Amino acid sequence: MESIPNELLVFAENQRIETPRLILRPITLADAEDMFEYAGDPETTRFVFPTHRSLQETKNGIAAYFMAAPLGKYGIEEKRSGKLIGAIDLRVKPNECTGEIGYVLNKDYWGQGYMPEAASALLELGFEKMGLIRIFGLHDVRNHQSGRVMEKIGLRQEAVLTAAKVSKGAIIDEALHGLSRKEWLQSKKKQ
């Protein structure tokens, strides 16, 4: 069985990742207002998580999710403005040598290529520094924008999971997209 480096150590050594327009970094309570701007917006959160009703709910979420176990979870900061515009994470399953990517972006920044830029940085981290054999993502089939991001970073749709889960009181189907390390390395050679 293939072994990967200690994923927690790799995340600890890479808590800050810079791309041309973004800084991926830990989320703190200082980000609460920027996060509430999108977490409190029903359009942005429609397919992702329950819409926050207050700034306090956002602070509670930051403390419980991002600060309690921060490794692998990143705020997406736009370099130009210094504003937190979203979040992205890579949830590694070390025994399987795989990772699942997930993300959310403030709707004011949709369609500008920010999410593919952030997600590509995490693919590089997972495949190059951790040696993962596969990275995948799931999205509500109605969320075409999320599927498009996955396609742009090279994840191809592999299946539709019918009645995959209950989300916000509704039974939803999810699309599964994936990319192997071998496919990723081949695409890097072509570039």
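Reader: So, is Gly40 buried, partly exposed or exposed?
Author: Keep in mind that this is a predicted model. Gly40 has 26% relative accessibility, so it counts as partly exposed; buried would mean under 20%.

Reader: Where is Gly40 found?
Author: In the loop between helix H2 (32-39) and helix H3 (42-45).

Reader: And what does Gly40 touch, leaving out residues up to four places away in sequence?
Author: Thr51 and His52. There's also Arg53, 13 residues from Gly40 along the chain, and the C-alpha atoms of that pair are separated by 6.0 Å.

Reader: OK, back to H2. Which of its residues are buried?
Author: Ala32, Met35, Tyr38 and Ala39. They sit on the same side of H2, because they cover an arc of only 135 degrees around the axis.

Reader: Why do residues three or four places apart point the same way in an α-helix?
Author: Because an α-helix has 3.6 residues a turn.

Reader: What do the buried residues of H2 pack against?
Author: H3, helix H4 (55-67), S4 and S5.

Reader: Switching topic: how many residues are in the largest nonpolar core?
Author: It has 33, and Leu24, Ile88 and Leu122 are those with the most contacts inside it. Several elements each supply at least two residues, including helix H1 (7-13), strand S4 (84-93), strand S5 (98-105) and helix H5 (114-129). H5 gives the most, with nine residues.

Reader: Which residues does Ile88 touch, again not counting those up to four places away?
Author: Among them are Leu24, Ile76, Ile101, Tyr103, Met115, Ala118 and Leu122.

Reader: What does the second core include?
Author: That one is separate and has ten residues, including Ile27, Met35, Ile62 and Val104. Met35 is also one of the buried residues of H2.

Reader: Now the whole protein. How many helices and strands are there?
Author: Seven helices and eight strands. The radius of gyration is 16 Å, close to the 16 Å that the globule rule gives for 191 residues, so the protein is as compact as a globular protein of that length. Its C-alpha atoms fill a box of roughly 45 × 40 × 30 Å along the principal axes.

Reader: What share of the residues counts as buried?
Author: 46% of the 191. As for the accessible surface, that comes to about 10,000 Å², and 52% of it belongs to carbon and sulfur atoms.

Reader: Last one: what share of the contacts with a separation of 6 or more is between residues 24 or more positions apart?
Author: Those account for 64%.

Definitions and conventions
Residues are numbered from 1 along each chain as its sequence is written. This is a predicted model: local features need pLDDT of at least 70, side-chain atom pairs count only at pLDDT 80 or more; totals for chains, interfaces and linings use all residues. Side-chain values use heavy atoms; hydrogens and water are left out. A nonpolar core is a set of buried Ala, Val, Leu, Ile, Met, Phe, Trp, Tyr and Cys residues joined through side-chain atoms within 4.5 Å. Buried means under 20% relative accessible area, exposed over 50%, partly exposed in between (1.4 Å probe, protein chains only). Helices (H or I, at least four residues) and strands (E, at least two) are DSSP runs, numbered from the N terminus. Contact means heavy atoms within 4.5 Å. The arc is that of the directions from the helix axis to the C-beta atoms. The radius of gyration is taken over C-alpha atoms; the globule rule is 2.2 Å times the number of residues to the power 0.38. Accessible areas come from the Shrake-Rupley method with a 1.4 Å probe; for residues, only the protein chains shown count as cover.
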